[in-house]
Amino acid sequence: MSLPVFSARAAAERVYIDITQPGFVRLPIAVPDFKMQGSGELALAHRMAEVIGADLDFSGYFKVLDPAGFLESPQQMGVLPSEIRFDTWKAIGAEFLVRGLYEARGASLNVEFRLFDVISQKMLVGKAYEAGVADAVSVAHRIANEIIAALTGEAGIFDTRIAFVQAEGDAKEIYVMDLDGRNPTPITRDGSTALSPAWSPDGTQLAFVSYLEGQPKIFVADVFSGARRALSGYPGINITPAWHPKGGRLAATLSKDGNPDIFLLDAQGSIVQKLLGGWAIEVSPSWSPDGSKLAYVSNETGNPHIYMLDVASGNKRRLTYEGKYNTSPAWSPKGDWIAFSGMAGGTHNIFIIRPDGSDLRALTHGEGSNESPTWSPDGRLIAFSSTREGTSAIWVTGVHGEGTRRLTRLGGAQSQPSWSPRRNR
């Protein structure tokens, strides 16, 4: 775990990136290798710069310049404002410069970084961290977050993770990976079928469905310790868990009364109330950010469509009318969009729609089957599963359908992604 030991931030005189705009020109930024002090691991110099550069490129805000064009040696140039030759960086087209310094002593790591505006020749932010050498990548992700925050005014997402279902052979397990697809780590190793991972609001727990004991039951696993407990094992099915935004409660589909209905459960799995019931099948709940509404799937009109429930009043209304098969609603963290998977042209595609049912937009257009959308905590990116290159894998796209890229390249198939919240500091 990295610990900030100093922080300096200059007051910004202009808005560098307006995150409310759908399009903008990527800002050229240089991220040379960090400068090593002492006789530590030189490989860290490149590794930390590489991670930061990849994060900034992933954000869609920056054009990360090729280090082959740099005019100075990263190990010889300075790191302090008075030591930076801004004209040199301006000459290669850089508008921003990330400069880093580190010292590794045994298992301990000290890191400094500074972000410079090359054009105005000013330092925008500077921080130092104490961490372990094993945490070097985590420190690099935190630095990328600081850069995003300095230039947009909104916290970065590079310390978030994505849970997903990994299918290989006859088994389906829950895995967690970094948001860029690195470090896939199993949460379950049951050799059974585990589905529908859902993050708790504090990012410490994952609810999921498991068939380990035969019928589908909902379990909760601690992401850090691996400890798990059974939450819901009522007769029939127990599926599609969704944590309430304030934590401690979950919505889930149970068929204990004979029909798949949506219930509200407390942290111990006791039923608080039935949220939705009737003759129709209701599944896949997704809470609005304030917890006052619930998007869900129902077949009450014959085919599955997205509906919305006002929790306090119990009033519900249909949200989607186009297409004959709409599933997997996911409410954006800012409450301005609902993403879902809909059948179009004979295959599943990812769509977004306003909560009032207006402004329907397609983000994918028949490139394989695209399902199970999940939002990044800043509301700018959507991860989903897609078969566009053959076997199902996890992909990500911008909220305007731009910058689509593949995240997972594992054996087997990956599906049902769930994006974690930002980590609490």
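Buried means under 20% relative accessible area, exposed over 50%, and partly exposed in between, computed with a 1.4 Å probe on protein chains only. By that scale Arg 47, at 27% relative accessibility, counts as partly exposed.

The model is predicted: local features need pLDDT of at least 70, side-chain atom pairs count only at pLDDT 80 or more, and totals for chains, interfaces and linings use all residues. Residues are numbered from 1 along each chain as its sequence is written, and side-chain values use heavy atoms, with hydrogens and water left out.

**Helix H1**

Helices (H or I, at least four residues) and strands (E, at least two) are DSSP runs numbered from the N terminus. Helix H1 covers residues 43-59, 17 residues in total, and reaches 25 Å from its first C-alpha to its last. That is close to the expected 24 Å, the expected span being 1.5 Å times one less than the number of residues. Buried residues in H1 include Leu 44, Met 48, Val 51, Ile 52 and Phe 58. Gly 60 follows H1 and has a positive phi, near 85°.

**Salt bridges**

A salt bridge is a side-chain nitrogen of Lys or Arg within 4 Å of a carboxyl oxygen of Asp or Glu. The structure holds 21 of them.

| Pair | N to O distance |
|---|---|
| Glu 50 – Arg 47 | 3.1 Å |
| Glu 112 – Arg 114 | 3.1 Å |
| Asp 359 – Arg 361 | 2.9 Å |

Glu 50 and Arg 47 both lie in H1, 3 residues apart, about one turn of the helix. Glu 50 is partly exposed at 36%. In the second pair, Glu 112 is partly exposed at 25%, whereas Arg 114 is buried at 10%. Lys 256, Asp 257, Asp 261 and Lys 274 are linked in a salt-bridge network.

An open sheet of 4 strands runs in the order S23-S24-S25-S26 with antiparallel pairing. Its edge strands, S23 (326-331) and S26, each pair on one side only. Two strands pair if DSSP finds at least two bridges between them; S25 (residues 347-353) and S26 are joined by 2 bridges. Arg 361 in S26 is the bridge partner of Ile 352.

Thr 364 sits in the loop between S26 (361-362) and S27 (370-375). This residue is buried, with a relative accessible area of 4%. Contact means heavy atoms within 4.5 Å. Beyond its neighbours within four places in sequence, Thr 364 is in contact with residues including Ile 350, Phe 384 and Arg 388.
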